[in-house]
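Open the structure in your viewer and get ready to select residues. We will go stop by stop.

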Amino acid sequence: MRYGIIGVGAIGGYYGSKLAYSGQEVHFLSHSDYQFVKEHGMQVDSCDGSFHLDHVNVYQYSKDMPTCDVVIVGLKTTNNYLLPELLPPLLGEHTVVVLIQNGIGVEADVQEMFPDTQLVAGLAFICSAKTEPGRVNHQCYGSINLGNYSCKDEALFNAILNDFTNAGIQTGVVPYEEARWKKAVWNMPFNGMTVALNTRTDLLLKNPATRQLIRDLMMEVVGASRALGISGVDEAFVEKMIKMTDEMTPYSPSMKLDFDFHRPMEIHYLYTRPIEIARAAGFRMAKLEMLEAELRFLQG
């Protein structure tokens, strides 16, 4: 299949490069490091085995890209206003768009932009960063869950699953709502807390006070999920996420890197939207509301 990658950062750069390295036809849209990647290729430094792509199909403008069977969007959600310009040249009649993005409510808004496009949520569990041109630093983990939002082509959905698996990416399928709220169990506490306290994930868990606070924040996400009637997001999953983070390489999540590099933070989809959705279902995430307010202060 032919893949298009919009957003060649830590996420799009990693998964797109893995697919290309496995033999898939992959086309990358890259603005900031277009010339570097065109001349030097892509390097992935990975805990699972590093590799280099000598020749990369890289473009500076989406209008120059071919129509794709699958488009992976790895943009920060703060840049989703660009999608009406970036996506159309890549879309065919049956194209599936996989949104590997943070937060709750992303697919609903993108579907409003593109009512006839098939959407899939990609929920990545990965420690990855891109801090220099043409180089992705994959530190640990790397699995992805796919949640079907509006893809009616079951054969194409399964083909995406198989391509990811064959590329050496541990890939699962989970119900859409469950997938998004499971990701929020980790994202909502750790992204905001590392910014608010100017720290890393490992240090938050080493301190008894903040370890308990992280757990409390995770349980607020569980409470919201229950209010929405979503199964599979429970206390056992909270313990699994805490254990996973205990074993993780010391890490600064994407929001912390955005803050450190003076980029807009993804507050809307990571906090505002899920807090509003939970409140509408009769559940208040009070501590996460406070964290959202702190983040908006820091952003301002």
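## Strand, helix, strand

Strand 9, helix 5 (residues 154–166) and strand 10 form a right-handed β-α-β unit. Keep in mind that this is a predicted model.

Now select strand 10, residues 171–173, together with strand 9. Which way do strand 9 and strand 10 pair? They pair in the parallel sense, over three bridges. Click on asparagine 145: opposite this residue is glycine 172 in strand 10.

## The partners of strand 9

Select strand 9 from end to end, residues 135–148. Find aspartate 45, which faces asparagine 137 in strand 9.

Follow the chain from strand 8 into strand 9. The two strands form a hairpin, with two residues between them. Glycine 134 sits in the turn, and its phi is positive, at about 65 degrees.

## Helix 6 against helix 9

Move on to the helices. Select helix 6, residues 176–196, and helix 9, residues 235–246. Their axes come within 10 Å and cross at roughly 55 degrees. That angle makes helix 6 oblique to helix 9. The crossing is right-handed.

Show the side chains where they meet. Helix 6 brings Lys182, Val185, Trp186 and Phe190. Helix 9 brings Phe237, Val238, Met241, Met244 and Thr245. Sorted by class, the contact of helix 6 with helix 9 has seven nonpolar residues, one polar and one charged.

## Helix 6 against helix 8

Keep helix 6 and select helix 8, residues 208–227. How do helix 6 and helix 8 cross, left-handed or right-handed? Their crossing is right-handed. The axes come within 9 Å and cross at roughly 145 degrees.

Select the contact residues in two steps:

- On helix 6, pick Trp181, Ala184, Val185, Trp186, Met188, Pro189, Phe190 and Met193.
- On helix 8, pick Thr210, Leu213, Ile214, Leu217, Met218, Val221, Ala224 and Ser225.

Colour this contact of helix 6 with helix 8 by class: 14 residues are nonpolar, two are polar and none is charged.

## Helix 8 against helix 12

For the last stop, hide helix 6. Keep helix 8 and select helix 12, residues 286–299. Their axes lie 8 Å apart, and the helices pack at an angle of about 110 degrees. Helix 8 and helix 12 are therefore roughly perpendicular to each other.

Select Leu213, Asp216, Leu217, Glu220 and Val221 on helix 8. Across from them, select Ala286, Lys287, Leu288 and Leu291 on helix 12. These residues make the contact. How many charged residues does the contact of helix 8 with helix 12 have? The contact has three charged residues, along with six nonpolar and no polar ones.

Methods
Residues are numbered from 1 along each chain as its sequence is written. This is a predicted model: local features need pLDDT of at least 70, side-chain atom pairs count only at pLDDT 80 or more; totals for chains, interfaces and linings use all residues. Side-chain values use heavy atoms; hydrogens and water are left out. Axes are lines fitted to C-alpha atoms, for helices over the stretch in contact, and angles run from 0 to 180 degrees between N-to-C directions. Helices (H or I, at least four residues) and strands (E, at least two) are DSSP runs, numbered from the N terminus. Angles under 35 degrees count as roughly parallel, over 145 as roughly antiparallel, 65 to 115 as roughly perpendicular and the rest as oblique. A crossing is left-handed if the near helix is turned anticlockwise from the far one by less than a right angle, and right-handed if clockwise. Contact means heavy atoms within 4.5 Å. Ala, Val, Leu, Ile, Met, Phe, Trp, Tyr, Cys and Pro count as nonpolar, Asp, Glu, Lys and Arg as charged, and the others, Gly among them, as polar. Two strands pair if DSSP finds at least two bridges between them. A crossover is right-handed if, with the strands pointing away from the viewer, the path from the first strand over the helix to the second runs clockwise.
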